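Let's take a walk through this model together, starting with the overall make-up and ending with a few single residues. Please keep the view open as you read.

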Amino acid sequence: MADKFYYGGQAVLEGVMMRGQKNLVTAVRNPDGEITTEIRPLHSLYTSKWRKMPIIRGAIVLIESMVLGIQSLIYSANIALKEEEEELSGGLLWLMLLVSLGSSVALFFLAPLFITNLMSSFLESAVLFNLIEGLVRLIIFVIYIKLVTLTPDIKRVFGYHGAEHATINAFEAGVPLEIERAAEIQSYPTAHLRCGTSFLLAVMVIAILVFSLIGKPSFAVMFASRIILVPVIAALSYEFTRFSAGHCHNPIVHFLIKPGLALQSLTTRPPDIKQIEVAITALKKTVEMDNPDYIPQKACPECEAAT
């Protein structure tokens, strides 16, 4: 029996990207107020049998998210900057992505290690060392999100993030993807089980478990592990996120997903009608280009209540 397909996406500059089974659609509201769309067929790697294999698919999804995300950002940025007759080159944004990735590893994996190592003489237990490092990592993560929310432009993106979630939630609950239903769709929760924010929180927590298995070797070994094992941690976190989406009715899973849903209150904003319209346009076009016989999975009542 084929796995159910879960639609997902990403907020971009003045728009929303939605990933379908075979295509990627990015809808952006241009400076004139019109909604423009870009349709891009997915690379065979993203639709191959490897994309369905546990653990391996996590690594592929990580690559997919980065590549498709930056391509959609390039498109949305160029549309948003047309008013100033400027365009951002793909090379510049790829460089920004590499810098961002390097900074993320340094901030969320290496910095906590350095800070915890300063207390190493008081943390002889390997378990205690990794717990404290994990706590430092979580604190840095939450502070980072809080600081990012202070930026006006990011608040706009978070509004589209909320529109993306509300639209997917409404779609999975059976609401027709029509602009005329925008007000109804707007009323749906802005938190979603498969959100990247929940995924990142899972990364923070699962990292504690993975690094605890290594123990407390030399600082050089710990330093290398914080870089080398990032893809492994990301793959395991993806599996947890995927599992929780399909088993949200389970009391234990329901309890475990609550922190991620709560954290999304920092990375989403209540969307306005125009933002909802953009999200509807992106998802509707994505669904129309997929198998017309596809029947979406109904939203989990327990998880809707949690939001």
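How many helices and strands are there in the protein chain? There are 11 helices and 4 strands, taken as DSSP runs numbered from the N terminus, with helices being H or I of at least four residues and strands being E of at least two. A word on the source: this is a predicted model, in which local features need pLDDT of at least 70 and side-chain atom pairs count only at pLDDT 80 or more, while totals for chains, interfaces and linings use all residues. Residues are numbered from 1 along each chain as its sequence is written, and side-chain values use heavy atoms, with hydrogens and water left out.

Of the 307 residues in the protein chain, 45% are buried; buried means under 20% relative accessible area, exposed means over 50%, and partly exposed is in between, using a 1.4 Å probe and protein chains only. Contact here means heavy atoms within 4.5 Å. If you take contacts between residues at least 6 apart in sequence, 70% of them join residues at least 24 apart.

Now to helix packing. Two packed helices are described by the angle between their axes and the distance between the axes. The axes are lines fitted to C-alpha atoms, for helices over the stretch in contact, and angles run from 0 to 180 degrees between N-to-C directions. Look at helix 1 (residues 56-80) and helix 8 (residues 230-246): their axes are 8 Å apart, at an angle of about 100 degrees. The two are therefore roughly perpendicular to each other, a label for angles of 65 to 115 degrees, while under 35 counts as roughly parallel, over 145 as roughly antiparallel and the rest as oblique. Helix 1 brings Arg-57, Gly-58, Ala-59, Val-61 and Leu-62 to this contact, and helix 8 brings Ala-234, Ala-235, Tyr-238, Glu-239 and Arg-242.

A second pair to find is helix 3 (residues 126-148) with helix 9 (residues 251-267), whose axes come within 9 Å and cross at roughly 30 degrees. Phe-141, Ile-145 and Lys-146 of helix 3 meet Leu-263, Leu-266 and Thr-267 of helix 9. By class, this contact has 4 nonpolar, 1 polar and 1 charged residues; Ala, Val, Leu, Ile, Met, Phe, Trp, Tyr, Cys and Pro count as nonpolar, Asp, Glu, Lys and Arg as charged, and the others, Gly among them, as polar.

Next, turn to the second largest pocket. A pocket is an open set of points on a 1 Å grid over the protein atoms alone, where a 1.4 Å probe fits, with protein on both sides within 12 Å along at least five of seven lines; lining residues have an atom within 4 Å of a point. Its lining has 20 residues, and Leu-201, Ala-202, Val-205, Phe-240 and Leu-256 lie nearest the centre. Helix 9 gives the largest share of this lining, 7 residues. The lining has 16 nonpolar, 4 polar and no charged residues.

Finally, some single residues. Arg-226 lies in helix 7 (residues 219-228) and is buried, with a relative accessible area of 0%. Beyond residues up to four places away in sequence, Arg-226 touches several others, including Phe-109, Asn-130 and Glu-133. Phe-114, in helix 2 (residues 90-117), is partly exposed at 42% relative accessible area. Leaving aside neighbours within four places in sequence, Phe-114 is in contact with Phe-219 and Phe-223.
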